[in-house]
Amino acid sequence: MELKTQWQGCAQKVDALSLRERLLLLLTGVILLGAAGVYGWLDAAGTRLEQDRQALTAAQRDLEILTLENQGKQVRLARDPNSQVREQLGSTEQSLARLDAELRAQTVDLIPAHEMPAVLEALLSRSTNLHMLALTSQKPEPLMAGEQKANLFKHGIRLQLEGGYFDVYQYLKALEALPRHFYWKSFDYRVIEHPKATVEMEIYTLSTSKEFIRG
């Protein structure tokens, strides 16, 4: 009887220990499941946070690009649209003015085109034995081809004289002694009846004017 009582007590203790172990196991399982759920939630939350950070970085970068583009547009709008054209025009005008000054400098020592007929006739009047047969003004010719805003024009005069050799010589010498010179284009001396001869010569000067010389 006493042995049976002891056995029953041991069985109750075993049943009691098994219940506690089952509760502990159950609690442990619940904790593990909860921890796994929390860990999974945290992991998902971290992934979403990283994605949000990347999206925010991309948005900031796009915003910076748009800001720079907007600043560029504002600068272009603030800039005078005709400023480049005006700069090019100003540069062209300066180049033309410089070229015009250079061309004028080349004509400083030349006889002005409009004075040539009067100068030739004035020199001729000094000689009583030299006579002018013809004086013809040539059409002005540009030195540079094309439509140039700054150009030099060749103004020529064809002159035909008659007289003796000495008279022709003195006339030519007087022409060469002029303070302002000209250019020779052609010269033809022919003896008709000694000592009388005819002289045909063509001389020209340079000018920035393209107006025809009136003889």
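Trainee: Which residue of β5 is the bridge partner of W184, and what makes β4 and β5 a pair?

Mentor: The partner of W184 in β5 is I203. Two strands pair if DSSP finds at least two bridges between them; β4 (residues 183-193) and β5 (residues 196-207) have nine, in the antiparallel sense, and therefore meet that definition. A hairpin of two residues joins β4 to β5. This is a predicted model, in which local features need pLDDT of at least 70, side-chain atom pairs count only at pLDDT 80 or more, and totals for chains, interfaces and linings use all residues. Residues are numbered from 1 along each chain as its sequence is written, and side-chain values use heavy atoms, without hydrogens and water.

Trainee: Why is Y169 called partly exposed?

Mentor: Buried means under 20% relative accessible area, exposed over 50%, and partly exposed in between (1.4 Å probe, protein chains only). Y169 has 41% relative accessibility, so Y169 counts as partly exposed. Y169 is found in helix α4 (residues 165-176); helices are DSSP runs of H or I with at least four residues, strands runs of E with at least two, numbered from the N terminus.

Trainee: How do you know that the buried residues of α3 lie on the same side?

Mentor: In α3 (residues 116-124), M116, P117, L120, L123 and L124 are buried. They cover an arc of only 135° around the axis, which puts them on the same side of α3; the arc is that of the directions from the helix axis to the C-beta atoms.

Trainee: Which elements do the buried residues of α3 pack against?

Mentor: They pack against β1 (131-137), β3 (153-164), α4 and β5.

How values were computed: Contact = heavy atoms within 4.5 Å.
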